[in-house]
Structure formats: structure tokens, C-alpha cells
Amino acid sequence: MNEETPATVILIDDHPMLRSGIKHLLSMTPDLAVIAETGDGAKGIELAREHDPDLILLDLNMPGTTGQETLIGLRQQPLSGRIIVFTVSNHEEDITNAFKSGADGYLLKDMEPEDLLAALRQAAIGEMVLSDSLKPVLIHSLREKSAPGGERRLDELTTRERDVLGLIAAGFSNKTVANRLNITESTVKVHVKNLLKKLKLRSRVEAAVWFTQKQKDK
């Protein structure tokens, strides 16, 4: 991502004023560009398939095809970009369901404009993005759903799985993790799948939050 080739963005949100505001905000920076928008989830899936953008900013609460249904539909497409949920909901169930369905980030609409721009830039280079106020919500969810009779343990993972987990927690994409560890991206995906199963977690974001908290608790 640079000034010559800005990261492309599609907006899927049923509020025209919000879409207009986001478009105006992004028009003021040279490294992010809205290339399409819609207030309809089904149309959003079509636009994503047509343009394959770097980023999709997706609202959860939409009439017709809901944001959750749209997210699942987007993940069934051969897209190379990142899908960021952008919503007013800070409910634990919405957050965990979004990540389980394949979201690459979860941002709240009450964030400051400069923070939104920073988060979108992070997402565009493959990093995980999550509103700061939501981290305690995810941590609580992970603790509530911890396996009965014992905690999740890092020593259940192989050395390579721990390496992958550490890089995921740092916010790196599978491609970057593969480059850093000198392995293939498909191998990274296998490691991620295995470590999630061992830790009884549903998504890489949950794994990242859990690992980060684990390091803080040391």
C-alpha cells in the first residue's frame, strides 16, 4: 500500500449518511480509496466478487441480508482482501460470531476518525484490528468458555505452532507468517487449524487475544 496504489475499499452499510462520511474521510488520504458501496448485503457480495478489494467495511445490522449472513457469503467467495466488521454492537455474541464466521477485524462506529484511518491502514497490510474497548469482552468470553477442569496451555502446542501463534498475536497475516518462518502459506493454515483445535478456540483473533493476555499474566 502506497500513494501510487491506494488500498481499495468497499463499503457495505445501509446508512447512506455514514457511507458518505466514510467516503469523505477516506478521500482526504492518498492511501485508501472507496471504489464501491451499497446498503444491501447481497449486492455487497456481488461487488466484492467483481472488484476483489483490499478491504471490505461491513455493518452487522442491516435489513434483508444481515451483516452476519453477508459475512458468511463473502467468505464463500475467492477474495484476497480483509473483511472488517464496522458496527455499533459491542455484544459478546456478535463479536465472537463475527470472528467465527471469518472476520479479520471488528471496529466500533464511535471511534475517532483518525483511529479509524489508522486501523484501516493496519488492516490493509494484513494486520488484525480490534477496537480497544472490545478486548476485555473477548477475554471474558474466552475465560467463560475455557475447558472444564483445566486451562488452555501453551505447552500443548508444538514449537512451530507456538511460533505461528506468536506471530498471529502480533497481528501478522498468514502470508507474512509464512515468509517469516520460511514455510508455505498452506502450512501456516494447517498450523493455525491445529493450534485452534488444541486450545479449543474458534478463530485466530480469539487465539491472538488469548495469547496476548497470557503473556501479560506471566
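In this predicted model, T87 has L108 in β5 as its bridge partner, and the strands β4 and β5, to which this part of the sheet belongs, pair in the parallel sense over four bridges; two strands count as paired if DSSP finds at least two bridges between them. Strands (E, at least two residues) and helices (H or I, at least four) are DSSP runs, numbered from the N terminus. Residues are numbered from 1 along each chain as its sequence is written, and side-chain values use heavy atoms, with hydrogens and water left out. Because the model is predicted, local features need pLDDT of at least 70 and side-chain atom pairs count only at pLDDT 80 or more, whereas totals for chains, interfaces and linings use all residues.

Strands of a sheet pair through backbone hydrogen bonds, either parallel or antiparallel. Here six strands form an open sheet in the order β2-β1-β3-β4-β5-β6, and the pairing is parallel. β2 and β6 stand at the edges with a single partner strand each, so one side of each is left without a neighbour in the sheet.

Helix α2 (residues 41-51) packs on this sheet, where it touches β1 (7-12), β2 and β3, contact meaning heavy atoms within 4.5 Å. The direction of α2 makes about 135° with that of β2; such angles run from 0 to 180 degrees between N-to-C directions, with axes fitted as lines to C-alpha atoms, for helices over the stretch in contact. Helix α4 (residues 92-100) also packs on the sheet, touching β4, β5 and β6, and its direction makes about 145° with that of β5.

β4, α4 and β5 make a right-handed β-α-β unit, a crossover being right-handed if, with the strands pointing away from the viewer, the path from the first strand over the helix to the second runs clockwise. β5 and β6 pair in the parallel sense over two bridges, with Y106 standing opposite L130 in β6. The chain crosses from β5 through α5 to β6, and this β-α-β crossover is left-handed. Within β5, G105 and L107 point one way and Y106 and L108 the other way, and all are buried, that is, under 20% relative accessible area, where exposed means over 50% and partly exposed lies in between (1.4 Å probe, protein chains only).

Helix α5 (residues 113-124) has 12 residues and reaches 16 Å from its first C-alpha to its last, close to the 16 Å expected at 1.5 Å a residue, the expected span being 1.5 Å times one less than the number of residues. In α5, the residues L116, L117, A119, L120 and A123 are buried. They cover an arc of only 165° around the axis, which puts them on the same side of α5; the arc is that of the directions from the helix axis to the C-beta atoms. The buried residues of α5 pack against several elements, including α1 (16-27), β3 (55-58) and β4 (82-87). After α5 comes G126, whose phi is positive, near 95°.
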